[in-house]
Amino acid sequence: MSAGLETANILVLGKGDNLHQQVLASFPLCDVTEEDLTQNPLFSKLLATLTQHVDKTGLTVPLKTELDKAEQKLQSQKRQWLRSESLHRGLQEMIQEHCVRKHNNEVSPDQNMFYETMERCLRVTQCVRQLDPSSTTSQDQPLILGVTPQQVTQLLPSEKNMQRMRQALPRQLEKHLKDKCLSLLSYYQPEWENESEGLKTNKLSHLSTLLDKEKKRTELLKEICRENTVLLQRQTQLYLSELIKCIQLLQTLILDHKLKIQTDLDRKKLVYFEGKCELVLQKIKTEMVEVQLDTYSPDTVSAHRKIRERLECELKACKAEKQAVELKLSSFGILGKAFEALAEEYSRLRQEIDMKNWALKELTQYDEK
């Protein structure tokens with residue numbers, strides 16, 4: 001029953017290349033190519049079945065639901081912390097700006113009293129929070145320097161000054177936040193800096209929408225960039241595999257061409273050696289005839305020695321060439337019929353060398369007589 005349901009789900013996804021494309025889109029982080037899915041159909045069906053149970057990140061549906069709930073809870077707590085943190089930092093910035101103004105210009109007593117009261121309240125509140133961790137833990141903490149939170153709260157300003165500070169604080173905080181927003185607006189759109197106050201305020205009301213659009217556009221571009229990166233990695237792997245195949249094919253072609261050229265070169269060398277041996281043989285025959293005509297001449301003996309020495313040198317050279325040709329012939333034994341032709345040429349060359357040896361032997365015996 002379950003197998004039939006899974007088969008139905010796979011059929012709903014698609015068939016053939018369409019199914020492969022959907023599987024690859026469902027698992028962008030999986031290093032799998034369409035060729036792998038084609039060569040392994042059972043693995044492709046397994047991935048197609050998993051798409052009904054997991055998301056693109058590999059999480060199951062129940063786990064993804066719990067993760068989303070935890071993420072929403074975390075975002076809610078983060079917003080609360082950011083709200084209080086931004087308010088606290090805004091108050092600190094107001095105090096710092098007041099200190100700068102007081103250092104450069106004269107400040108009215110009311111403003112001076114307002115900021116001093118606010119600064120003392122912030123410091124006392126911060127100390128109380130450090131001394132009383134009951135909001136973050138249930139364990140009793142030892143007192144710091146023997147000071148209790150109740151003792152620190154006694155350092156708060158008078159109730160009258162605190163009441164005046166609370167009444168003026170919303171207006172002063174609103175003015176400070178508005179100045180910061182206008183600065184942010186001028187940074188985001190510098191051409192709006194010279195606009196009127198009313199027009200800036202109107203555009204400021206749409207700033208959050210513009211920033212939200214920019215954030216979404218940035219996230220979309222990041223997602224597109226990640227997808228393009230994965231696609232580029234796959235294309236790079238395909239390119240490298242095809243490049244390796246082309247290199248192997250090129251090496252095969254080069255080797256075949258080299259073998260054909262080498263065969264022609266060896267054939268030409270054999271022809272050359274054959275002609276050279278024939279010339280040497282003719283020269284030997286001519287010299288032997290001359291020796292027979294002038295047997296008892298004193299110059300004949302020296303001529304015989306010279307001929308014998310030259311023949312011995314030429315015989316050594318021919319033997320060296322013979323060894324070189326034997327090595328080359330042994331390396332090209334895989335050529336089949338071409339190798340047989342080379343072997344015939346080699347046999348003929350060897351016969352010529354044997355004839356030289358015979359001529360040298362006859363000449364030696366004649367000298368001894």
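**A loop residue and other sites**

Mentor: Leaving aside residues up to four places away in sequence, Thr60 touches His53 and Val54, where contact means heavy atoms within 4.5 Å. This is a predicted model, in which local features need pLDDT of at least 70 and side-chain atom pairs count only at pLDDT 80 or more, while totals for chains, interfaces and linings use all residues. Residues are numbered from 1 along each chain as its sequence is written, and side-chain values use heavy atoms, with hydrogens and water left out.

Thr60 lies in the loop between helix H4 (41–50) and helix H5 (61–104); helices are DSSP runs of H or I with at least four residues, numbered from the N terminus. Thr60 counts as partly exposed because its relative accessible area is 36% (buried is under 20%, exposed over 50%, partly exposed in between, with a 1.4 Å probe and protein chains only).

His176, by contrast, is buried, because its relative accessibility is 6%. His176 lies in helix H8 (residues 159–188) and touches Gly90, Glu93, Met94 and Glu97, again not counting residues up to four places away in sequence.

Finally, a search of the whole structure finds 1 aromatic pair. Phe114 and Tyr115 form this edge-to-face pair, at 5.0 Å centre to centre and 80° between the planes. Rings of Phe, Tyr and Trp (its six-membered ring) pair if their centres lie within 6.5 Å; planes under 30 degrees apart are stacked, over 60 edge-to-face, and the rest tilted. Both Phe114 and Tyr115 are buried.

Technical notes. Helix = DSSP H or I, 4+ residues; strand = E, 2+ residues; numbered from the N terminus.
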